[in-house]
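Here are my notes on the model you asked me to look at. Keep the viewer open while you read, and click on the residues as they come up.

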Amino acid sequence: MAAALATTLAAAGCSDDGDDTSSSSSGGSQSLEKVTYLTSFGNFGRDSYAYVAKEKGYFRDAGFDVEIKPGNGSLENIKAVVGGQAAFTPIDLTGGLLAAGGANNQPKVEGFTAVAAIQQRTMAAVMSLEGYGIATPKDLEGKKIADTPGSVVRNLFPTYAKLAGVDAAKVTFVNGNATTLFGTLASHQTDAIGQFVVGAPTAETVSKGKKPVVLPYSDVLQDLYGNVLITSSKYAKDNPDKTKKFTDALLKGLQDSITNPDEAGTILQKTVATANAKAAAAELTLMGPFVKSEASGVPVGALDSQRVARSIAILQGAGQIPAGLTPEQVITFSLVPNA
């Protein structure tokens with residue numbers, strides 16, 4: 001089942017307006033721009049809102065013919081957008097900050113910009129199963145964690161470990177991918193995996209009832225946003241109105257999905273035959289509080305520059321990125337909903 005939940009990232013580009021890059025709507029009066037959208041990570045329930053937006057015609061009404069393909073984590077998704085293989089994708093904002101800031105002395109990644117928040121808090125976490133000897137962050141010392149190369153969980157771990165009182169040098173990371181992570185954990189080939197907190201229902205399903213142990217990064221990194229929607233800097237600059245229309249359509253699907261997770265799970269399973277509607281709905285139910293921040297009155301999709309600046313300061317204070325990065329280098333606030 002875990003192997004079926006995600007497929008290999010395939011390249012398919014977004015296109016400029018023109019006869020060879022558009023199709024007619026059902027009424028024949030509207031030209032739809034063909035674009036490729038990558039999910040954040042495989043075809044799990046947490047990403048079903050894109051399928052909801054497509055199924056309900058929100059993308060079509062906004063002027064887009066959207067092909068949805070499974071993504072493979074923040075860094076790979078950024079590369080796909082910058083390289084022109086996709087027009088839009090969600091990435092973890094912290095992963096975007098690390099990439100743009102040149103984390104760990106790596107070359108800075110440029111050419112992408114965030115235009116909306118998907119989750120108001122990071123969902124990054126380390127996930128294990130009961131009986132594996134992990135109950136607290138300190139228990140990770142001496143253990144092995146599987147994760148995709150370049151994932152936000154992996155890249156942010158040194159900062160998380162420092163704040164959680166863990167010696168990161170005593171934790172071993174091994175490579176995995178979206179297709180195999182849950183199966184690797186269930187078979188105890190690894191002690192833990194990098195995962196989002198909403199992956200707990202899927203972990204329990206794949207492991208045939210074993211209870212997940214989740215160590216959320218948000219326990220010690222409370223200012224960090226979760227996923228944000230990105231596009232290329234050039235597309236956002238050249239097509240601000242289209243970018244806003246796409247964003248609004250996606251956020252409508254997001255709102256519907258957390259309001260009616262059972263419906264969203266059914267739509268995902270209808271579109272992706274290997275998906276599990278019940279597990280998808282469970283993920284969306286867990287994701288709801290991360291999307292909405294009703295107590296503070298923050299609308300869905302909003303991003304706050306001061307809060308992003310504090311996130312940058314956290315990463316700089318932990319020595320993960322050098323000084324100089326600003327929120328405006330990663331986010332186009334004029335395109336952010338309710339900005």
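Predicted model: local features only at pLDDT ≥ 70, side-chain atom pairs only at ≥ 80, totals over all residues.

1. The pocket has 14 lining residues, and the ones to click on are Leu75, Ala99, Ala103, Gln106 and Asn155, which lie nearest its centre. Its volume is about 280 Å³.

2. Which helix gives the largest share of that lining? That would be α3, with four residues. Helix α3 covers residues 74-82, and α4 covers 93-101; each of these two helices supplies at least two residues of the pocket lining. Sorted by class, the lining has seven nonpolar residues, six polar ones and one charged one.

3. Stay with α3 for a moment. Its buried residues are Ser74, Asn77, Ile78, Ala80 and Val81. Looking down the axis of α3, you'd find these buried residues within an arc of 160°, so they line one face of the helix. Just after α3 comes glycine 84, with a positive phi of about 85°.

4. Rolling a probe the size of a water molecule over the atoms shows where empty space is left. How many cavities of 30 Å³ or more are there? The count is two. The largest cavity holds about 190 Å³ of space. It is lined by 18 residues, with Phe41, Gly73, Ser151, Val152 and Phe196 the closest to its centre.

5. By class, the cavity lining comes to seven nonpolar, eight polar and three charged residues.

6. Two residues have a backbone angle worth checking. Histidine 188 isn't a glycine, yet its phi is positive, at about 60°. You'll find histidine 188 in the loop between α6 (181-186) and β11 (192-196). Lysine 208 is also not a glycine and has a positive phi of about 60°; its place is the loop between α7 (200-206) and β12 (212-216).

7. Are those two buried or exposed? Histidine 188 has a relative accessible area of 40%, so it counts as partly exposed. Lysine 208 reaches 80%, so it counts as exposed.

8. Now have a look at glycine 71, in strand β5 (residues 71-72). Its relative accessibility is 1%, and buried means under 20%, so glycine 71 counts as buried. How far is glycine 71 from threonine 39? In sequence they are 32 residues apart, but from C-alpha to C-alpha the distance in space is 4.8 Å.

9. Finally, zoom out to the whole protein.

How values were computed. Residues numbered from 1 in each chain as written. Heavy atoms only, no water. 1 Å grid on protein atoms, 1.4 Å probe; cavity = no way out; pocket = protein on both sides within 12 Å on 5 of 7 lines; lining within 4 Å. Points joined across faces, edges and corners; volume = space filled by probe spheres on them. Nonpolar A, V, L, I, M, F, W, Y, C, P; charged D, E, K, R; others polar. Buried < 20%, exposed > 50% of the residue type's maximum accessible area, 1.4 Å probe, protein only. Arc of directions from axis to C-beta.
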